[in-house]
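Hi,

Here is the structure I promised to pass on to you.

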Amino acid sequence: MSDEGYPRTFDPNFKGPVAKRSCTDVLCCIIFILFIIAYILLGLVAWVHGDPRRVAYPTDSKGHFCGQKGTPNENKTILFYFNLFSCTSPSVVVNLQCPTTQICVSKCPEKFLTYMEIQFMYRTNKHYWMYYSQFCKSPFVKPAKTVTQVLLDDDCPIAIFPSKPFLQRCFPDFTTKNGTLTVGNKTIFEDGSGKKRNAIELRRAANRVNKILDARAIGMKVFEDYATTWYWILIGLTIAMLLSWLFVILLRFTAGFLFWVFMVGVIGIIGYGIWHCYQEHSNLQGRPNSHLTIYDIGFQTDISMYFQLKQTWFAFMIILCLLEVFIILMLIFLRERIRISIALLKEGSKAIGYLPTTLIYPVLTFIFLSICIAYWAVTAIYLATSGVPIYKVISPERTCKHENTTCNPEIFNTTEIARVCPGAQCNFAFYGGKSLYHQYVPTFQMFNLFVFLWLINFIIALGQCALAGAFASYYWALKKPDDIPQYPVFTAFGRAIRYHTGSLAFGSLILALIQMFKLVLEYLDHRLKEAQNNISKFLQCCLKCCFWCLEKMVKFFNRNAYVMIAIYGKNFCRSARDAFNLLMRNVLKVAVMDKVTDFVLILGKILVAGCIGVLAFLLFTHRLPMMIEGPTSLNYYWVPLLTVIIGSYLVAHGFFSVYAMCIDTIFICFCEDLERNDGSREKPYFIAPTLHGTLNKMQLVPQKQKE
């Protein structure tokens, strides 16, 4: 093996992972620990200042919670909007910044009534006023004020409509009868100011509130589907786990046969998908509206509408056909390299067979990741709800020069703003403050996100380093399994924590910075989308592409650097440099062995998810009535189906990620083995004889080193 251009000194007595180590990248370790301490302190400070009730309960225009126990609003759990016509978009409604008064009520209106009608009805029956007055700011003995005075004082709504609670807020009760949109069985009604309105105007006034209302129905149906199929989903995920475990065990004994099972299985599953898409496309021939395009119907919350279009199934069929052709071409052109991949798979299965505890490690990673995600989410909520109620001036016509300035609702009606801007209101906007802490809440949110990304990448790096150390112990054991040390996973994990926390933190810091830049780009793209021109959009896409490629490249180099850290115990930069040089000296083997094996493992994940997905599809669509009776009356069979497919893929990924780390570690060790040893009695190869024989036949071992 030629080392030209990569000078390096080897230890002839090297026999595996270095036992005598020292702490690496101490400075980065100290910084990492300080960041964690600051992160914990931030969580404590946010816990003191934050109030998650502000997320759980709606807030009225005075900043009071609806439904909070021990308050006058304890029995008033729903938020009511005086004039929903003022709300021009659902984001305004949901964010509680609609330019109209909002109060807490015990129930939503159930009928059409206007203030003028109540004034006439009050003379004959006071019961009507008792019903109407519950939607006013404060109780009144009688409706003595004129409509103009009510509008100016903003004491009561000038009209109420039949509504239903959703997200603890009163929204109009829209229904459709014979294709006509109605509210409370009416299409035309009075808005209280003497104007005739229709249901379409009310929906348009609330803009996309109909999307929210549609989402309510869909959400309920999805919940019903999960309630009906949850045990079937658990059964599917359990089968996926058992199937993944079975594949890992069988790969040790029948890697070649199982590989072709993978190939035939994946090709067959994709072929079945192509056939099903063709059948659905054919069945839609002649059906009304099936010829429409996705562009014609636009965005729909009811996803099932897309499955009623021929274009949808045709697009699925084309995508699956391209995927099928791609896999077949890969098999044709990589047929020789696949033999080496099979040998690597056998060696990886043998290593996992000797180290079965490695299959349990993904559970530990999942627990750590869950703790980090939960801490980040809770801290973000407490930070978002920190502070005192802030009130802003809101004008329905958006013409007031004092628009969006802070105000005091207690004295607002006596201020100059109320006189200069008739109809303006002082409504609750958000929670904040003028203290130093409140001024830096956005910065704290950024810090919360950054440390979260750092911790997530550190946990993944820790898992990779621990597994690499365990598998390296297996490879460098001359007599397997006798020379394999006891508790290799636990030992490697302890080594990584004790000596290399700084190095793992260094590598994960680089990745976290790149991911943070990507998120900032996404945020800027979202905020400046309307103001962008074609050139800025092009530059934005280029930056996103560059950062995506950079992230993938850094992940690849970090992964190999962690393997070198696990073996030699050097710092991150030295390990990354050595890993890069080693891969450059063996670039042909990287292309032939490592990447082809990754392709095989990806096909294994697809096969597991595909097998479970096909069974779930046949079960949820009642196509197995003779074998087993599936759940009945599903609203959307694709909801539990996608859950099972995605869940099965993640389960398979958990098992095969251990396999991938095993293959990567064995590959790095194999390259080191060839450079350190020559196969003689004094310097024997540590590589398995079967794998060595296969590589000899493929001429991937230098001829002078052949035995």
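A disulfide here is a pair of cysteine sulfur atoms within 2.5 Å. Before you read on, please keep in mind that this is a predicted model, where local features need pLDDT of at least 70, side-chain atom pairs count only at pLDDT 80 or more, and totals for chains, interfaces and linings use all residues. Residues are numbered from 1 along each chain as its sequence is written, and side-chain values use heavy atoms, with hydrogens and water left out.

**Disulfides**

With that cut-off, the count is three disulfides. One of them joins Cys136 to Cys156, with an S to S distance of 2.1 Å. The torsion about its S-S bond is about 115 degrees, so this disulfide is right-handed. It links distant parts of the chain, 20 residues apart: Cys136 is in the loop between α5 (127-133) and α6 (147-153), and Cys156 is in the loop between α6 and β4 (159-160). For these labels, helices (H or I, at least four residues) and strands (E, at least two) are DSSP runs, numbered from the N terminus. Both Cys136 and Cys156 are buried; the scale is relative accessible area, with buried under 20%, exposed over 50% and partly exposed in between (1.4 Å probe, protein chains only).

Cys66 and Cys104 form another disulfide, with their sulfur atoms 1.9 Å apart. Here the S-S torsion is about -80 degrees, so the bridge is left-handed. Cys66 sits in the loop between α2 (53-56) and β1 (78-81) and Cys104 in strand β2 (residues 102-105), so the pair ties together parts that are 38 residues apart in sequence. Cys66 is buried at a relative accessible area of 0%, and Cys104 is buried at 7%.

There is also a disulfide between Cys108 and Cys170, at 2.1 Å from S to S. Its torsion of about -95 degrees makes it left-handed. Cys108 lies in the loop between β2 and β3 (113-114) and Cys170 in strand β6 (residues 169-172), so parts that are 62 residues apart in sequence are tied together. Cys108 is buried, with 5% relative accessibility, and Cys170 is buried, with 4%.

Cys321 is partly exposed, with a relative accessible area of 30%. For Cys546, the closest cysteine sulfur is in Cys545, 5.8 Å away, which is also too far for a bond.

**Aromatic rings**

Rings of Phe, Tyr and Trp (its six-membered ring) pair if their centres lie within 6.5 Å; planes under 30 degrees apart count as stacked, over 60 as edge-to-face and the rest as tilted. By this rule there are 28 aromatic pairs. Among them, Tyr272 and Trp275 have ring centres 5.9 Å apart and planes at 35 degrees, so the pair is tilted. Both lie in helix α8 (residues 209-283), three residues apart, about one turn of the helix. Tyr272 is partly exposed at 28% relative accessibility, and Trp275 is partly exposed at 46%.

Phe656 and Tyr659 form a tilted pair, 6.5 Å centre to centre with 35 degrees between the planes. They lie in helix α20 (residues 638-676), three residues apart, and both are buried. Ring pairs also link Phe32, Phe35, Tyr39, Tyr375, Phe447, Phe450, Trp454 and Phe458 into a cluster.

Best wishes
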